[in-house]
Amino acid sequence: MILKSCLYSLSGLTTLYMDFSTSPPTPLPPLSLLPPSHQQVLLLSCACGHLYLQLTAPVPTSSPSSSSSGSVSSSFTSSLSSSLSSYHSLIASVETSINTPSPLPPTYCKLTVRSLYVRLNKPHENLNLLLTLQRSVRNMSGGVITQVTQLHSRHGNGGVRRVVEGVLEGCRKGTWRRMVRWCVEGELEGGEFFVKEDKGVEGGAGVWGKRYWMDVNEIVPGVSEGMAEEVRRLGRGINFLKICCGKVHQGIRADGWDKVDTPMLEKEVSAACRKIDVAVVDSIKGEGNLLQHLEALKRFMLLGQGDFVSALLDLVGEELSKRADYVYRHNLVGVLDIALRGTNAQFMDKGVLERVGVKLYEPAPGDSGWDIFSLDYHISDPLTAIVTPEASGKYRRIFHLLWRLKRIEWGLNNTWRRATGVNHAMRKTGGGGMGRAIRGVSLVRQEMLHVTSNIQNYLMFEVIEGSWNELKSAVESAETLDDLIDSHEEYLDNILYLGLLGEDEESRDIQHLLSGLFDIADRFCALQDRVFVDCLSELGGDRARNEERQGRIQKGEWGYSGADDPNTSTDRKLEEFGTKSLEGVTVNAREFEEGLKMLLDKLGKKDGGGRGEERIRFLTFRLDFNSFYQRKYDGAVGAD
C-alpha cells in the first residue's frame, strides 16, 4: 500500500496520504500514523511529483514568437521534456517492480521502501535542477535563453553539468537549423534568431544597409559575434543578389548539417562570404555597368558634358527667366531632349540618355525658374546600394553650385554680346559719357568673368576630375560592395569639401561669401540689360529724329522745329544717361571687390584638414595669379 501510494505521488496523483489538489501538496491525517521511514519516502515521492507537475505545466511567455515552431523557447521546452524521459523510466521501473513478485515468499515485494528512498534522491535533484532552469528563463526568448542556460552549465558538479548541457544542446538545435537555412538560401524562418529583417525596407540601399540587422542579445553561446556578423553578411548577400540583381546564389553546401558543428560552419561561412562578395561586385560592375552610370552622373549632374551644358543654357535661358509659377516641366523636358540630340551627348548609350530628366522644386515667393530647376538622373537597383538617396542629395548640392556658376558665366557672356551691339550703334555719335559707362561695364564684367570662370575651372578640373580618377582606381580594386560604397562616399565628400561645400564653419563662411558674390553678379547682369536696352532705345529714337530733320531740310524748312531743342540732343541725353549708369556700375564693382577681398582672405586661412590643402591654395593663386588684388588691397590699407 505504501509503495503504490509512492508510485501515484511520483505521477502527481492524490493518494490516501497526500492531496495534490493544492500547491504545494497537503499531507493528510493518515500520514502521521505511519512510521518515520515510511513518512520520509512518501514525502520524497510527493516532492518529486510536485516538481514534475510544475515542470509539465504550461508556462506563459512574453514573446509571441516563442510559441512558434522551432523557436528557442519551444526547443528549450522540448529539451526539458526529453530530460524527463529518465524520470518516466523511473516511474515505469517502480511500477514494474511493485507488480513483479519476489522469488521470496509471496508476501514480499521485489522493491522495498528503503531502496525506493535511495533511488529517488538523484531524480529529485535533477527535477529540482530542471525546475530551476525553467524558472530562470521565464519571460525570456531567443538567444537569451541559451545564454542563461550556458551560465548554469558552468558548475563544478559533473552530474549537474551533464544535465544542463543536455538541455543546452536541445536549445541550440532550433537556432542551428535556422542559421544553416539562412546561410544556404538566405531565408528566415519564423521564430527567434539573431538576424532580424525589416520587410518595410526596400531598394538596393535598403536591402544592403538596413533591411537585415543583428540583435546581439539573440546570439547563442558557441557563436562568436564575429561569426554572427559573417552569417548576417552571407544571407544579406544572397538576398541582395536575389532581390536586386535577379540572381539565385547558394551560400554554403546544403547537406551535412544534421549535427551542431560550429567550427566547420564558421569555415564554410567565411569561404562563402568571400564568394558572395565577388559575385555581388561582379554583378554591379558587369551587368550593372557601375562605371558607365557614375560617369554619366559626372557628365550630367556635375556638368562635365560641356557642349551639352552650353546648348542647354542657350535653350532654357528664356524659359527659366520667367517666374517659377510659369515654368512647366513638360516644356523643359522637350528642351532637354533637343539639347541631348544636338550635342555629342547623343552618342552616349541609349540606356544612359533615357535616365536623364528634369526636376523642379517647390517654388518660394519671388523665385524664378532658375531657382527651382535641376537636372536629374534616375538610378535603379542594384546601383541604388551605391548611389543612395543621401548620395543623390550630395550630387544635387554640387549641381546647384556648378549650375549657378554656369548661369552667371552665360549671363555675363550674353551682356558682352549686347555691349558689342551698343558699341556698333554708338560709332556715329561718339558715345561721350555713355561710351565711358560701356567701358566701365566691360571692365567690371571681365573682372567677374575672371573670378567665376576660375572658380568653375577649379571645381571642374582640380576637384571633380582629380576625385574622379581616384574613384576609378578605387572601383577597380574594390573587393566588396562595402568597398564600392565607401569609395563613392569618399568621392562625393572630397568634392563637397574641396568644392567649398563642407559642413564646417570655415566652409559655411566661404559659401556665404560665394553666394554674395553670385548675387552681385546677378544684379550686375540685370543692370547691364537695363542699360543696354535703354541705350539702344534712345539711339533708335535719335535715328528717327534725324531722318525727320533731314526730310524737313530737303523741303526747305528749318531742321529744328519748335518742339526740337538742339540743347536736348541725343548726345546730351546719352551723356546724362551714361553718368547715371556708371554710378550703378561703380556701386556693383565696389561691392564685388569687397566680397572678393573677404573671400581671398578666407581661402588663404582655410585649413585643408589634411585633404587637398594644395588645391585650395592653388585656387587662391588662380584668382590672384599676378598679385593684383593683393597690391590693390595693401595699397588701400596703406592709404587709410
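## A phenylalanine at the surface

Phe-618 is partly exposed, because its relative accessible area of 32% falls between the 20% limit for buried and the 50% limit for exposed. This comes from a predicted model. Phe-618 sits in helix 21, which runs over residues 613-623.

Together with Phe-621 and Phe-625, Phe-618 forms a nonpolar patch on the surface.

## The protein as a whole

The protein has 640 residues, and 47% of them are buried. Its secondary structure consists of 22 helices and six strands.

The accessible surface is about 31900 Å². Carbon and sulfur atoms account for 52% of that surface. Now take the contacts between residues at least 6 apart in sequence: 74% of these join residues at least 24 apart.

Helix 4 covers residues 85-99, 15 residues in total. At 1.5 Å a residue, helix 4 should span 21 Å. Its end C-alpha atoms are 21 Å apart, so the model agrees with that expectation.

Which residues of helix 4 are buried? They are Tyr-87, Leu-90, Ile-91, Val-94, Ser-97 and Ile-98. These residues cover an arc of only 130° around the axis, so they lie on the same side of helix 4. The general rule is simple: an α-helix has 3.6 residues a turn, so residues three or four places apart point the same way.

Other helices cover these buried residues, including helix 1 (2-10), helix 2 (36-56) and helix 5 (113-136).

Conventions
Residues numbered from 1 in each chain as written. Predicted model: local features only at pLDDT ≥ 70, side-chain atom pairs only at ≥ 80, totals over all residues. Heavy atoms only, no water. Helix = DSSP H or I, 4+ residues; strand = E, 2+ residues; numbered from the N terminus. Buried < 20%, exposed > 50% of the residue type's maximum accessible area, 1.4 Å probe, protein only. Contact = heavy atoms within 4.5 Å. Areas by Shrake-Rupley, 256 points an atom, 1.4 Å probe, with all protein chains shown as cover. Patch = residues over 30% accessible without salt bridge, like charges linked within 9 Å, V, L, I, M, F, W, Y side chains within 5 Å. Salt bridge = Lys/Arg side-chain N within 4 Å of Asp/Glu carboxyl O. Expected span 1.5 Å × (residues − 1). Arc of directions from axis to C-beta.
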